[in-house]
Amino acid sequence: MENSYNFLDILKAREKGICPELNEASLGRVYQHFLKAKEKSFGIITSWRYDGGVPELRAANNKKFKELQSRLRGSSGFFRLKGHWKECQNKNIPYDQCPPNQIVDTTEPALFVTGISLELIQQLSDEYDQDAFVYAGPETDGDVVVFFRGGAKKTQKDFSPN
């Protein structure tokens, strides 16, 4: 049976030191942006690619992530998140057609970016060779949408900060 956690459970875990990177302010900020997404956009993006623990690839990922943050600094507000993705190892296969033996589960740093345009987040996603990014804004009528490389998209109707 899958566990279900609410906001209070998360706060209690943080107090016990189980998830120190999460705090009430970050959850509150995400929720505020979620409520205003029809007027003001937000997105979630990373530059990270699966590195399999290889030190050279990890160093390259860290360098790209710092570069992404530098590029966003000054034009958009952002804060760090811990992201999770199932990455297709064959970039020539559309993500939704990737065979299970080509999918690798990965945890990666990501950025929650406020006030970003759909055009800019798409450009950054392409430049950093990402499978997908999350965006909500006036163009999506406030809906949270996952935009996949190749043009496919999926509206997250059940998106919730809980």
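Analyst: C88 and C98 form a disulfide (a pair of cysteine sulfur atoms within 2.5 Å), with their sulfur atoms 2.1 Å apart. The pair links distant parts of the chain, since C88 lies in strand β2 (residues 77-88) and C98 in the loop between β2 and β3 (103-114), 10 residues apart; helices (H or I, at least four residues) and strands (E, at least two) are DSSP runs, numbered from the N terminus. The link of C88 and C98 is right-handed, with 85° about the S-S bond, and the structure holds one disulfide.

This is a predicted model, in which local features need pLDDT of at least 70 and side-chain atom pairs count only at pLDDT 80 or more, while totals for chains, interfaces and linings use all residues. Residues are numbered from 1 along each chain as its sequence is written, and side-chain values use heavy atoms, with hydrogens and water left out.

C88 counts as buried because its relative accessibility is 1%, and C98 counts as buried at 12%, where buried means under 20% relative accessible area, exposed over 50% and partly exposed in between (1.4 Å probe, protein chains only).

Turning to helix α4 (residues 118-127), I121, L124 and S125 are buried there. Seen down the axis of α4, its buried residues fall within an arc of 100° (taken from the directions from the helix axis to the C-beta atoms), so they line one face of the helix. Just after α4, D129 takes a positive phi of about 55°.
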